[in-house]
Amino acid sequence: LLTLPAIAAFVLMLGLPTLAVVAIAFTDYELGAPGLRYVGLANFAELMEDRGFVTSFRNTAFYVTVTTPASIIGGLLLAMLIEAGTRGRAFFRAVFFLPVVSLMVAMATAFQYMFHPTIGPVNAALRALGLVEPNWLGSSDSVMWTLAIIGTWEQIGFNMVLFLAGLTAIPRDLYAAAEVDGVRSAWSRFWTVTWPLLGPTSLFVLTITMIRALRVFDIVATLTQGGPNKASEVLLFTMYTEGFTYFRMGYSGAITVVFLIVVVILMLLQTRVLDRRVHYG
């Protein structure tokens with residue numbers, strides 16, 4: 001009885017809408033149409049032949065592959081530096097966590113200025129060093145790298161806070177015991193004490209980071225609109241475009257189902273395979 005409100009909220013807010021999307025994925029429903037028709041796997045067959053979908057899937061995979069390790073490693077390094085410091089911990093935690101609470105839509109103007117090909121400070125610095133000045137957001141070769149850099153900046157503070165919590169939970173006497181056993185260098189202490197005991201935290205950070213990276217939408221919608229020439233389209237942006245620009249809700253639902261399958265597979269792999277390596281006992 002105590003959990004009934006939470007169960008009802010879950011079913012109404014998540015369960016039923018998800019089932020509705022899955023059902024629509026097998027129809028030709030268009031937004032505003034008076035009716036719909038069951039088409040079976042036709043939408044999924046079209047996905048396999050749609051070059052736009054293949055491009056958005058590849059771009060999403062690239063974004064996840066770049067931002068996940070970069071933001072995890074960066075978050076861990078920042079957490080260890082802050083944890084090792086004696087002064088200014090609260091200040092640096094707030095500074096590095098600031099991107100997490102900043103609205104990406106509001107930050108879009110700043111990033112457009114920073115990466116502007118002619119007046120942006122990034123290219124100005126490269127120009128002063130005599131290096132090549134890319135068209136960061138306007139070139140098909142560099143746009144996904146630019147979005148990945150922004151995505152890493154957005155996620156690194158969140159991962160830092162999670163790693164800080166994990167580092168705080170490690171008993172200090174274990175480091176003293178390791179030093180007695182001959183583990184004296186900082187590098188050795190990290191591999192023998194810190195990293196093994198951060199296993200559960202690292203698994204959680206990996207899972208959350210990959211899911212957040214898969215859900216990338218706002219920076220694409222605000223900075224590139226999938227351009228140039230669809231070079232920065234990702235799954236959620238393609239899903240949104242098909243559903244709310246072309247009103248093809250059935251096709252958009254099929255993309256959603258593929259997205260959900262990818263998320264579930266990644267979660268199962270991480271929890272089933274990696275979970276056994278990070279918990280002891």
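Me: Where in the chain is the place of Glu-30?

Reply: The model is a predicted one. In it, helix 1 covers 4-24 and helix 2 covers 42-49. Glu-30 has its place in the loop between helix 1 and helix 2.

Me: Is Glu-30 buried, partly exposed or exposed?

Reply: A residue counts as buried under 20% relative accessible area and as exposed over 50%. The relative accessible area of Glu-30 is 43%, so this residue is partly exposed.

Me: Which residues does Glu-30 touch, not counting residues up to four places away in sequence?

Reply: Residues up to four places away in sequence are not counted here. Glu-30 touches Phe-247 and Met-249.

Me: What is the phi of Phe-247, and how accessible is this residue?

Reply: Most residues other than glycine have a negative phi. Phe-247 is not a glycine, yet its phi is positive, at about 60 degrees. Phe-247 is also partly exposed, with a relative accessible area of 40%.

Me: How far apart are Glu-30 and Ile-156 in space, C-alpha to C-alpha?

Reply: In sequence, 126 residues separate Glu-30 and Ile-156. In space, their C-alpha to C-alpha distance is 39 Å.

Me: What does the secondary structure of the protein chain come to?

Reply: Read along the sequence, the pattern is α-α-α-α-α-α-α-α-α-α-α-α-α. The C-alpha atoms fill a box of roughly 75 × 65 × 30 Å along the principal axes, and 38% of the 281 residues count as buried. The secondary structure comes to 13 helices and 0 strands.

Me: What share of the contacts with a separation of 6 or more comes from residues 24 or more positions apart?

Reply: The contacts considered are those in the protein chain with a separation of 6 or more. Residues 24 or more positions apart account for a share of 67%.

Me: Why does the span of helix 7 agree with its number of residues?

Reply: Helix 7 runs over residues 143-168 and has 26 residues. At 1.5 Å a residue, helix 7 should span 38 Å. The end C-alpha atoms agree with this, because they are 38 Å apart.

Me: Where does helix 7 bend, and how many of its residues are buried?

Reply: The bend in helix 7 is about 30 degrees and falls at Gln-155. Helix 7 is mostly covered, and its buried residues number 19 of 26.

Me: Is helix 4 parallel or oblique to helix 7?

Reply: The axes of helix 4 (residues 89-101) and helix 7 come within 6 Å and cross at roughly 130 degrees. That angle makes helix 4 oblique to helix 7. Helix 4 passes helix 7 in a crossing that is left-handed.

Me: Which residues of helix 4 meet helix 7?

Reply: On the side of helix 7, the residues met are Trp-153, Glu-154, Gly-157, Phe-158, Met-160, Val-161 and Leu-164. The residues of helix 4 that meet them are Arg-93, Phe-96, Phe-97, Pro-99 and Val-100.

Me: At which residue does the kink in helix 4 lie?

Reply: The 13 residues of helix 4 should span 18 Å at 1.5 Å a residue, and the end C-alpha atoms are 18 Å apart, which agrees. The kink is about 30 degrees and comes shortly before the proline Pro-99. It lies at Val-95.

Me: How do helix 5 and helix 7 pack?

Reply: Helix 5 (residues 104-114) and helix 7 have axes 13 Å apart, at an angle of about 130 degrees. The two helices are therefore oblique to each other. The contact involves Met-104, Met-107 and Phe-111 of helix 5 with Ile-150, Trp-153 and Glu-154 of helix 7. The crossing of helix 5 past helix 7 is right-handed.

Me: Which residues is Ser-202 in contact with, leaving aside neighbours within four places in sequence?

Reply: Ser-202 lies in helix 10 (residues 199-214). Its relative accessibility is 13%, so Ser-202 counts as buried. The contacts of Ser-202 are with Phe-163 and Trp-195.

Me: Is the peptide bond from Gly-227 to Pro-228 cis or trans?

Reply: Most peptide bonds are trans. Pro-228 has its place in the loop between helix 11 (218-223) and helix 12 (235-244). With omega near -5 degrees, the bond from Gly-227 to Pro-228 is cis.

Conventions: Residues are numbered from 1 along each chain as its sequence is written. This is a predicted model: local features need pLDDT of at least 70, side-chain atom pairs count only at pLDDT 80 or more; totals for chains, interfaces and linings use all residues. Side-chain values use heavy atoms; hydrogens and water are left out. Helices (H or I, at least four residues) and strands (E, at least two) are DSSP runs, numbered from the N terminus. The expected span of a helix is 1.5 Å times one less than its number of residues. The bend at a residue is the angle between axes fitted to the seven residues ending there and the seven starting there. Buried means under 20% relative accessible area, exposed over 50%, partly exposed in between (1.4 Å probe, protein chains only). Axes are lines fitted to C-alpha atoms, for helices over the stretch in contact, and angles run from 0 to 180 degrees between N-to-C directions. Angles under 35 degrees count as roughly parallel, over 145 as roughly antiparallel, 65 to 115 as roughly perpendicular and the rest as oblique. A crossing is left-handed if the near helix is turned anticlockwise from the far one by less than a right angle, and right-handed if clockwise. Contact means heavy atoms within 4.5 Å.
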